Amino acid sequence: MMLSGHANAVGAFAFNADGTLLASGGEDGMINIWATANGRKQLTLQDSAAQSLAWHPQKPLLIAGLDTGMIAVWNVSDGALEQRFQAHAEFVTAVDISPDGTMLLSGGENTLQLWTFPDAAAVATFEGHAEAVYAALFTGERAEFVSGGRDKTVRAWKMQTTPMT
């Protein structure tokens, strides 16, 4: 199956929790929501280029890390932009949400930011990568996550510390 619906390069994907929807984000500023059963486009959201995507584990919310340093949160039930906030100075190349849906993790430049969700209150900044962070993912535990970056390293973190040893 091929899904067509972007006018430029596509670089971000995420499946919702039950696998029935796929979000794709591209440099064209469009985020498309596709039904996985038949490949039909269900919704198109527009903003700046999405560099990373994540779905809330319990709610129909899609979180996008944008090339402007912003994070945007949409309700895909009605396409409404629920929230938008500045997360990093230049770009957000990684986003993930904790398994319980209460913490948001973002990566950009050479730092990771931890936020409460949904109120987007900054909790902590994690530094350790020498260059841009490209990926960030919560482990099965809310208090632990991993990141990878342009500096060719993968790092494991705990919320209260710098990298785990």
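View 1. At 35% relative accessibility, E131 counts as partly exposed, a label for values between buried (under 20% relative accessible area) and exposed (over 50%), found with a 1.4 Å probe on protein chains only. This is a predicted model, in which local features need pLDDT of at least 70 and side-chain atom pairs count only at pLDDT 80 or more, while totals for chains, interfaces and linings use all residues. Residues are numbered from 1 along each chain as its sequence is written, and side-chain values use heavy atoms, with hydrogens and water left out. R150 forms a salt bridge with E131, and their closest N and O atoms are 3.2 Å apart. A salt bridge here is a side-chain nitrogen of Lys or Arg within 4 Å of a carboxyl oxygen of Asp or Glu. R150 sits in the loop between β14 (144-149) and β15 (154-158), and E131 in the loop between β12 (122-127) and β13 (133-138), so the pair ties together parts that are 19 residues apart in sequence. The strands are DSSP runs (E, at least two residues), numbered from the N terminus. R150 is partly exposed too, with a relative accessible area of 49%.

**View 2. The salt bridge between R84 and D47.** How far apart are the closest N and O atoms of R84 and D47? They are 2.4 Å apart. R84 belongs to strand β8 (residues 80-86), whereas D47 lies in the loop between β4 (41-46) and β5 (50-55), 37 residues apart. R84 has a relative accessible area of 38%, which means partly exposed, and D47 is partly exposed at 23%.

**View 3. K158 meets E144 in a salt bridge.** Here the closest N and O atoms are 3.0 Å apart. The structure holds three salt bridges.

**View 4. Aromatic rings side by side.** A search of the whole structure finds five aromatic pairs; rings of Phe, Tyr and Trp (its six-membered ring) pair if their centres lie within 6.5 Å, and planes under 30 degrees apart count as stacked, over 60 as edge-to-face and the rest as tilted. The ring centres of F85 and W115 are 5.0 Å apart and their planes meet at 65°, so this pair is edge-to-face. F85 in strand β8 and W115 in strand β11 (residues 111-116) are 30 residues apart. Both F85 and W115 are buried.

Definitions and conventions
Helices (H or I, at least four residues) and strands (E, at least two) are DSSP runs, numbered from the N terminus.
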